[in-house]
Each structure stands twice: as C-alpha cells, then as structure tokens.
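Keep the 3D view open as you read.

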2 protein chains.
Amino acid sequence: MTQPRHPLTDAERIDWIRLIRTENVGPITFQRLLEQYGSASRALDALPELARRGGRAKPLRVASKAEAEREMQANRRFGARLLCACEPDYPEPLAAVDDAPPVISVAGHAHLLRLRAVAIVGARNASLNGKKFAESLARELGAAGLLVVSGLARGIDTAAHAGSIASGTAAVLAGGIDVVYPPENEGLYRDIVAQGVVVAESPIGTQPQARHFPRRNRLISGLSLGVLVVEAALRSGSLITARMALEQGREVMAVPGSPLDPRCHGTNNLLRQGATLVERADDVLRAIENLRPPTLAERQRDLFSAPTHTPSPATEPDESDLAKARALVLENLGHSPVTIDELVRGCQLSAPVVLTVVLELELAGRVQRLPGHQVSLA
Amino acid sequence: MTQPRHPLTDAERIDWIRLIRTENVGPITFQRLLEQYGSASRALDALPELARRGGRAKPLRVASKAEAEREMQANRRFGARLLCACEPDYPEPLAAVDDAPPVISVAGHAHLLRLRAVAIVGARNASLNGKKFAESLARELGAAGLLVVSGLARGIDTAAHAGSIASGTAAVLAGGIDVVYPPENEGLYRDIVAQGVVVAESPIGTQPQARHFPRRNRLISGLSLGVLVVEAALRSGSLITARMALEQGREVMAVPGSPLDPRCHGTNNLLRQGATLVERADDVLRAIENLRPPTLAERQRDLFSAPTHTPSPATEPDESDLAKARALVLENLGHSPVTIDELVRGCQLSAPVVLTVVLELELAGRVQRLPGHQVSLA
C-alpha cells in the first residue's frame, strides 16, 4: 500500500477487511480506492454511488462490520493474526507486489517472514530423486539462513517444507489459514504452525478452489527473492509461480532434468528462457546474494510515476464528462484484455478519467482487472 | 589451406605427406611453411636450414619419399583415400579450421562428408537413457538429412553411430584409419566403412595413444556445424570437443540432466555457460538451420588479416637481425603459453620477424605451438 507503514487501530482494520471482502473489490481496486479516498472508511462510504454510476442495477454487496468482526475473532481464536499491507509486520517483499493482498492471515512464527526468503516449488507427482533433491537443497538453504517458502502441495513442496522445518519454512495456502490442503499434509501443516509460519490470503474457513491456486502462487513468489522450480511439466502450476516471479522482478531458477522425463520439460523450458541453472545450494546462494528484497518505497515511486496516479479531488471530472467517457470506454473494451495505457490512447481521454470510469465499471461488475495492468469486459 | 582448391598430382601429394610427417611439423607449422615457401616441395628443401638456424644440433628427421609412397600404397590397399586440405574433396568445414590436418585418410563413402553435419558425443559410461536418447536423436537428425559425426567410443558415440548408420554417419578415429578402438566396436566400425564414412588424421597403422584423442576431437567438431553433448562428467573428453567447437565458431548444444547424476554435470555446466539446450531433434535443427558451413574463403580472409600473415621474401629480415631476435624471443618465452600477439608486443619486434623465429625454433624442437595461437618453450 502506498501510505507510510503504520499499525492500524482495530476500527481501521475492520474497515480494511470490509473493503477487501466487498463484492467486485480485488487487490488492485482496493489500492485504487485507498489512493482515491485516503482511507478504507471513506472508500466504503463512496462504494455504492461508484457502483451505481458504473451501471450497477442492484446494490453492491458491501461486507458488514459484523462480518469483519467475526473474521477477526475467528482468526484470533485460531491463533492467527490478520496483517494489513500498510502495517510494519506485513512482509515488505510482498507489500511491494503490484497486486499485494491488502489483508493476510498469518499463523505460527510471523517473525520468520523477516528473513531473506527463497521459494522452492515443483511437481506434485515428483520423482523420488526430485523430492530428495528438493529436501536436501531446502536443508542447505535453511542452514545458510534463508526462509524456504512453498505451497504445502504433495511432492516437491512437501519435500521443501520437510527439509527446512527446523531452520524456517513458510507454507502459503490457497484456502483459509485453517484449511489444510491436501488433507494428507495435516501432520506437516501442524508442524509448520508449531515451528514455521503459515500464510493465507483467503478468509479463514475458505475451502480452496481451482481459481485460488494461481492467485496463491503470486504470494509464494511475492514473499521471496527468487523462485526455484524443481521438476515441472509443461503447463503446470509451478510455471505460473515462475511467471509471477518474473513479473514481480524476482529471480527465476530451475533444476535441469532428463528430456525423457516429462516432469522436467517445464524446468528445462525455463532454462531455455534464461532461468538460472541450479545443481546445488551454492547456485541459489550465488544467484540471490546481491539481491535486496524489493521495498515499499520503490513501489511507491513506481506507482506515482505510473498512469494509475489519481487526480486530486479538485481536478475530478464532472458527471456529464464521465457519462460520455463511460460510453467510450465500454465501446473500446472487448473480451480480450487490453492494458490501461492502450485504453487511454484508444479513448483519447485523460488517464484520470479512464481510471475513474474503469473503477466504477469494475465495481459494477462490468469490467474485470487482469494481471499486468490489463482490463477486459467481465 | 590458403591456396585455391585444386586436386594434387601424385608427386605433390607425396610432398604434402613428407612435410606433415616430418619431425616437429604440426598443422599450423605446415601451413606457415606452405605460405612462406609457396609449395610443400620448396618447404622441404628449406627445412634443414630453418631447423639449424633455430639451434638444432642433429639434423631434422624429414620423412623420405619412400616413406610417403608406402603410406599412400597402404591406404590404397586398405581402400582408403588420402585427401589434402587444398583438394576439392577435403571437407570444407574442416579445411576452415585454424589447425586443419593437412592430410586425412578417408574410408567408406567420402561423399557423405558433403552433407551438413552435426556431431553427437558424450560419456563412455553413459546411462541406458542417455544412450537411448542419443540413438533416437541421431536417427531423427539423419532422417532430416544430416550427417551424424562421432568418435566410435563406447556409450554415447556408439549409440549416435548406431542411430544414424542407415542415413549417414561419420566416425573420426584417434589412431590410423585401419586401427579400431575400442576393439569391441570392430563390428560397428565395419558397418560404418560399408555404409558410412571413417576419417583419420594419424598415419595408417597408428595405434591410438592418450594424446591423440583431444587432437581427434577437433576433427569431430571441425567436420560439423555444431556439437551436441549428451551426458558428460566434468573434465571429460566430450567437453574438450565442446570447447573446440566454440573455438572453431561452431554451435555448442547440450542435453540437460539431473544434478544427482555426475554424468550430467558437464552438460549442465555447458548450459550454464550458454550452450543451446536440446530436448529433441527439433531443437538441434532449429539451432543450426541458419548456419552455413564455414568456408575456406572466410578462413583466408581471417588468415590474411591475422598476425600470422607472412612477409614477402623481399622483406625477409637478414641473419644478424634474426640472431638477435631469436635470443629475445627465447628470453621472452617460458613454459606457460603466451599468444603470438603477446610475444610480438613483449619482444618489441615486428610480427614477421617473430613469426619466422618461432618457425625456426619450432622446427628445432625448442618451442611448441598450442591451441589459440599460443606458443611456449618445448
């Protein structure tokens, strides 16, 4: 988030939770609203009118204060903390990501998230050798003082956690902080809560669904200086994590493998595309030794120089201009994603006007945001 | 060689054989002599005096006409042809190499050497999977019209020849054209003589010794547009072939493999250094599709612009200058190799003088040439 980091009061935290749990509000929209209105509370006040202007017929479902309080209490009972992206304890490399989750649940030893971190991910149906390699590499990286981040999946993830449980391991879940997936990793999950740290973006109690996994993967890379992929088929989830690492400016590393094993085609392909080849822990340590964790300050600079910079209220366009702009934006959008920049050029409108219109249309559920500052019709 | 290509008369061929079989004459020296004296015959006449000026006490052992004739006859009886580097049938990509062998023996179907060629080399103690991969890749590259070049060794080489025997395979031997090594590949060797082509630089009848193998490897790469390494440990012969390919400006390709298998450390290391990653035949075909075989014409340009360019006889330095230069060159040389360029700068003499002195000292057995235009005390 773009404000200086500060702990929130309970009332502010309730507002943050209400805003991110509101229909049609994702991390990018959350951030735009916060920039435009200065606080979650004022954004919540503005939401119904914004959605109505965007063309929404029935009222927007805004999360209630009671719902947000219940979420906070459930986390507290479970022993988890809710961290907001503006707070000092929120992991800074993750806060620096464009679509950082505004609120995360953290269970276990949150202080581990201050360590320099590397993600180790890979195939669920990994080979014995792949798992052995991941486990011993995780152990060596842990011994070198790194936090090892992974996704609690079967195969490589499990081996990576197992190897680093004693030194520091972070499991990022696709569902709620209290929902173990896959169920057979219940024991490992308990060990990680006891000795490591668990992170989740979905509200507590959420059963993970297919769409949660790619979103979860951006947290795995976002928490890390780099992502190492150990065995991955073509078109596998681990490659999504690698792509996100790349988009987030993190190091992408891969372990080579036999072309005869389809579980190595994805990793070999990453190498072909320029990923750092890793055969031993030292290769990882060398690849990341000069990397600093991205900081919020850098991201703020990016944001304020990016076309998403918002107008001051004084320059806000009036309603008749917005109505014309809305029609023009809808005319220019289709179901294939375009970048905000392309949309601004295509509409020949000012960036602030286009951004305001997109925000309204998004809250109305007519436009959706996609990775890479892209939008399309919903 | 730098003259326009032309078939030699038997008398000229005898002179070429005599010159290259003469003590202390290697491929680079051969070429320098040919440039300086215009023909092998005139170089043979000049040799004794050159060696004497270089400080040689006992006379240089120059191969006799009778010896050269015996070598020609032995090749003819065996069914092999002797090709000289200036002749039209000598493979052009090999002729373009700096230290191309002046004379090679060729048995079997010499016309195969006109095909676009790729070398496949690798570990002798290769894994079953590695051999299977090499064989099927060789088959597919053969089907795509390429000649597959290798070294008749156990393991990967054997698999590469086996896969391409029907489409076109070339075995390059370290010993004489008639000496099968390793002996267990006798059957494969016979098949290659019958259906493919065999090439050797060593005189017929030569038993291969350890020092012959690295020299042989430069022919494997020199005949090829690129070299693919399938499984190779660190510090293995296949990596020498890869290094020579690089020095010769050929494509270097490698098959990735598990870091847990030491037989993949060499290939993975090549990938780390920028070799093209190969998982299937198509990767090889793409890597070489736009490569032209290096031509003699290009090498001539290189030679004539390189510091090895020789003075015309008119500008040849006189004996008293040469005596001083000889002392200075010997003073500046040690047992660690230096490049000719460094030597010229270190001696503050003209390049033609240094080159002449080095030639004399080399013939006298006091200086040796090393790859990369380097020399050292012998």
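Two strands count as paired here if DSSP finds at least two bridges between them. With that in hand, look at chain B of this predicted model. Nine of its strands form an open sheet with mixed pairing, and their order across the sheet is β1-β2-β6-β5-β4-β3-β7-β8-β9 (chain B). At the edges stand β1 (80-84) and β9 (276-277) of chain B; each has a single partner strand, so one side of each is left without a neighbour in the sheet.

For a view of the pairing inside this sheet, go to strand β3 (residues 117-122) of chain B, which runs parallel to strand β4 (residues 147-150) of chain B and is joined to it by three bridges.

Strand β11 (residues 367-370) of chain B pairs with β12(B) in the antiparallel sense, over four bridges. V367(B), for example, has L377(B) in β12(B) as its bridge partner. The two strands β11(B) and β12(B) make a hairpin with three residues between them, and G372(B) in the turn has a positive phi of about 75°. Strand β12 (residues 374-377) of chain B also takes part in another antiparallel pairing, with two bridges to strand β10 (residues 338-339) of chain B. There, T339(B) lies opposite Q374(B) in β12(B).

Over in chain A, strand β11 (residues 367-370) of chain A contains R369(A). Its side chain is joined to that of E362(A) by a polar contact of 2.9 Å. Leaving aside residues up to four places away in sequence, R369(A) touches several others, among them I28(A), T29(A), R32(A), I340(A), Q374(A) and V375(A).

Charged pairs are worth a look too. Over all chains, the structure holds 54 salt bridges. One salt bridge brings together the side chains of E23(B) and R56(B), at 3.1 Å from N to O. This pair links distant parts of the chain, 33 residues apart: E23(B) is in the loop between α1 (10-20) and α2 (27-37) of chain B, and R56(B) is in the loop between α3 (40-53) and α4 (65-78) of chain B.

How are the two chains related? Chain A can be laid on chain B by a turn of 180° and a shift of 0.2 Å along the axis, with an RMSD of 0.1 Å. That is the relation of a two-fold axis. In chain A, the C-alpha nearest the axis belongs to G257(A), 2.0 Å from it. The same surface serves both copies, as 100% of the contact residues of chain A recur in chain B.

The contact itself takes 18 residues from chain A and 18 residues from chain B. About 1,500 Å² is buried between the chains, and carbon and sulfur atoms give 61% of this area. L260(A), R272(A) and E279(A) supply 39% of the area that chain A buries against chain B, more than any other three residues. Four salt bridges are counted between chain A and chain B. One of them joins the side chains of R272(A) and E279(B), at 2.7 Å from N to O. On the side of chain A that touches chain B, α6 (128-143) and α11 (265-272) of chain A each supply at least two residues. The largest share, four residues, comes from α11(A).

How much confidence does the predictor give? The complex has an ipTM of 0.80 and a pTM of 0.86. For chain A, the mean pLDDT is 91, and 93% of its residues reach 70 or more. Over residues 301-314 of chain A the pLDDT is below 50, and beyond near neighbours in sequence this stretch has 18 contacts in the model.

Technical notes
Residues numbered from 1 in each chain as written. Chains lettered and ligands numbered in written order. Predicted model: local features only at pLDDT ≥ 70, side-chain atom pairs only at ≥ 80, totals over all residues. Heavy atoms only, no water. Least-squares fit on C-alpha atoms with pLDDT ≥ 70 in both. Contact = heavy atoms within 4.5 Å. pLDDT = per-residue confidence, 0-100. Buried area = accessible area lost by both parts, 1.4 Å probe. Polar contact = N/O pair within 3.5 Å; in protein donor to acceptor, adjacent residues only side chain to side chain.
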